[in-house]
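Here is a friendly walk through one model, moving from a single helix to the parts around it. Please keep the viewer open while you read.

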Amino acid sequence: MAGEMTPLKSLDARYYTDPEIFAVESNGLLASSWQFAGHASQLQKPGDYFTFEMAGESLFCVMDRDGSINTFYNVCQHRAHQLVSGSGHSKLIACPYHAWTYELSGQLRAGPNIKAVPGFDRSEICLTRVPTENFCGFLFVNLDPNARPMDEWFPDVRQQLRAHVPLIDRLRPLEWVEIPESCNWKVSVENYSECYHCTLNHKTFATGIVRPETYDIQPQGFCLRHTTECQNLDQMSYPIDLEANEHAGDYSSWFLWPMFSFQVYPGNMLNTYHWRAIDANHVVVWRGWYSLDGAESETVRQLARQDRETTVEEDICLVESVQRGLNSRGYRPGPLVIDPESGVNSEHSIAVLQGWMRSAGDGLPSFDADR
Ligand code: FES
Ligand SMILES: [Fe+2]
């Protein structure tokens, strides 16, 4: 911060390497923040479901009879067998162990011989529900039953994203690119959240569409918003109609703490990142690519390929080297380069992020700790 005599230091290495801190994050932050589950288009009609894993839990999203989407822990309320696997369609949720069945609302419907039990009240038994939000077609869940809504965590993001991607409701996933990285999830997220490394490490950064001197990253609630002016739009690999809408020529990104990001390229071209923390030293990043109505698109395929071969590959080398360094006895956390004027060569966004990370690693709840 401006005026302070002692520069703010980067986070202690143990936050990135200590399995005990990882356990605190898994039980705290990861179980009380909004995490990406899947895309709404994966559920087309009542009874469609898909399973996913997060924070050590198996969960599933299912479309209810009225078209709403429920998320449940994937565990039977009889004697704890897993209910469903993969994805599919079913009118009822049937447990494979003793054949108890549940409505799509989670309510117990029937079970062999349960009527023989005096006082057995079906209506008291329901699958354990998880708060779920449909955020412009992207499904997020929060294991905290009292979770505050995403619009409080990420003010104005929904409206801004819609303005930047006017046809977002028609987008369908075309490709998920899976990128395992041998580093702590926070190393990968920090790498995404600053561009102090970009000039040196991303060959296309200075010569591409971004005007580096205008690049900035600012907090917006628990979102880190990236903005920049663009250049060379006539040299892009796909044509853009700049007259199409207000943001047709813009680049922007919205990182949603702790593990998701929307990124929009000029031409209203949406792509996403989501991270899944594996353990203190491993994370998997998925790059998501979309097309209108899920139509095959060579443009999108090529963007996905190009991104994987350049930016992603370059960043993997950086983050894995950093993780080795964080495990070195020789590392003492260095000062962050915080320019009071912000800008591309400033780590002010890392200072914000590491504030959230420190709270999470210390087991403090996000809202009470930082707002
Ligand atoms: S554990 Fe599911 S029916 Fe028994
Ligand atoms: Fe990078």
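Which residues in H7 are buried? In this predicted model, they are Val300, Leu303, Ala304, Asp315, Val319, Gln323 and Leu326. Helix H7 covers residues 298-326, and its 29 residues reach 40 Å from the first C-alpha to the last, close to the 42 Å expected at 1.5 Å a residue. There is still a bend to look for: H7 has a kink of about 40°, centred on Arg308. As background for reading such a helix, an α-helix has 3.6 residues a turn, so residues three or four places apart point the same way.

|---|---|
| Helix H1 | 14-17 |
| Strand S12 | 171-181 |
| Helix H5 | 185-192 |
| Strand S18 | 282-292 |

Between two of these elements, S12 and H5, runs a loop that holds Cys183. Is this cysteine buried or exposed? Cys183 is buried, because 23 other C-beta atoms lie within 10 Å, where the cut-off for a buried residue is 20 or more. Leaving aside residues up to four places away in sequence, Cys183 touches Ser188, Asn281, Val283, Val319, Glu320, Val322 and Gln323. The C-alpha atoms of Cys183 and Val322 are separated by 7.8 Å, although the two residues are 139 residues apart along the chain.

Now for the sheet. Five strands form an open sheet in the order S5-S2-S3-S4-S9, and their pairing is antiparallel. At the edges are S5 (87-89) and S9 (129-130), each of which pairs on one side only. Further in, strand S3 (residues 57-63) pairs with strand S4 (residues 69-73) in the antiparallel sense over five bridges.

Finally, zoom out to the whole chain. The domain assignment gives domain 1 (35-135) and domain 2 (159-370). Their C-alpha centres lie 34 Å apart. How many residues does each domain bring to the contact? Domain 1 gives five residues and domain 2 gives six residues. On the domain 1 side, strand S1 (residues 35-39) supplies the largest share, three residues. By type, that side divides into two nonpolar, three polar and no charged residues.

Notes: Residues numbered from 1 in each chain as written. Chains lettered and ligands numbered in written order. Predicted model: local features only at pLDDT ≥ 70, side-chain atom pairs only at ≥ 80, totals over all residues. Domains from an automatic or database assignment. Contact = placed C-beta atoms within 7 Å. Helix = DSSP H or I, 4+ residues; strand = E, 2+ residues; numbered from the N terminus. Nonpolar A, V, L, I, M, F, W, Y, C, P; charged D, E, K, R; others polar. Expected span 1.5 Å × (residues − 1). Bend = angle between axes of the 7 residues up to and from the residue. Buried ≥ 20, exposed ≤ 12 C-beta atoms within 10 Å, placed from the backbone. Pairing = 2+ DSSP bridges.
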